[in-house]
Amino acid sequence: MYVCLCKAVTDKEIKRAACEGACSMRCLNKMGVATQCGKCARDAKQILRSTRAEIDVQPAADIGRIAIQAA
């Protein structure tokens with residue numbers, strides 16, 4: 001689903017970024033998230049936090065599974 005309509009960023013792209021190490025909105029801003037109207041910031045932050053939390057509690061072998069699901 002599209003999270004940022006202004007920059008056409010999807011939830012899967014945000015999850016992939018989190019799996020690749022993005023840990024803050026500043027990282028997502030580099031993708032264009034919340035840099036125009038800002039209405040997506042809350043949802044993008046929630047997706048980032050939940051994905052990072054899932055990564056932090058998963059064994060290293062499962063991180064690839066998370067990344068594959070995000071793709």
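In helix α1, the residues Asp11, Ile14, Ala17, Ala18 and Cys19 are buried, where buried means under 20% relative accessible area, exposed over 50% and partly exposed in between (1.4 Å probe, protein chains only). Helices (H or I, at least four residues) and strands (E, at least two) are DSSP runs, numbered from the N terminus. Cys19 has a relative accessibility of 17% and therefore counts as buried. After α1 comes Gly21, with a positive phi near 120 degrees.

## Basis of the model

This is a predicted model, in which local features need pLDDT of at least 70 and side-chain atom pairs count only at pLDDT 80 or more, while totals for chains, interfaces and linings use all residues. Residues are numbered from 1 along each chain as its sequence is written, and side-chain values use heavy atoms, with hydrogens and water left out.

Contact means heavy atoms within 4.5 Å. When neighbours within four places in sequence are left aside, Leu28 is in contact with Ile14, Ala17, Val33, Ala44 and Leu48.

Thr10 belongs to strand β2 (residues 9-10) and is buried, at 18% relative accessible area. Beyond its neighbours within four places in sequence, Thr10 is in contact with Met1, Tyr2 and Val3.

Gly38 lies in the loop between α2 and α3 and is partly exposed, with a relative accessible area of 31%. Although 34 residues separate Gly38 from Cys4 in sequence, their C-alpha atoms are 8.4 Å apart.

## Cysteines

The whole structure contains zero disulfides, a disulfide being a pair of cysteine sulfur atoms within 2.5 Å. For Cys23, the closest cysteine sulfur is that of Cys27, at 4.8 Å, which is too far for a bond. Cys23 is exposed, with a relative accessible area of 56%.

## The salt bridge

One salt bridge is present, defined as a side-chain nitrogen of Lys or Arg within 4 Å of a carboxyl oxygen of Asp or Glu. It joins the side chains of Arg52 and Asp56 (3.9 Å, N to O). Both residues, Arg52 and Asp56, lie in helix α3, four residues apart, about one turn of the helix. An α-helix has 3.6 residues a turn, so residues three or four places apart point the same way. Arg52 is partly exposed at 22% relative accessible area, whereas Asp56 is exposed at 58%.
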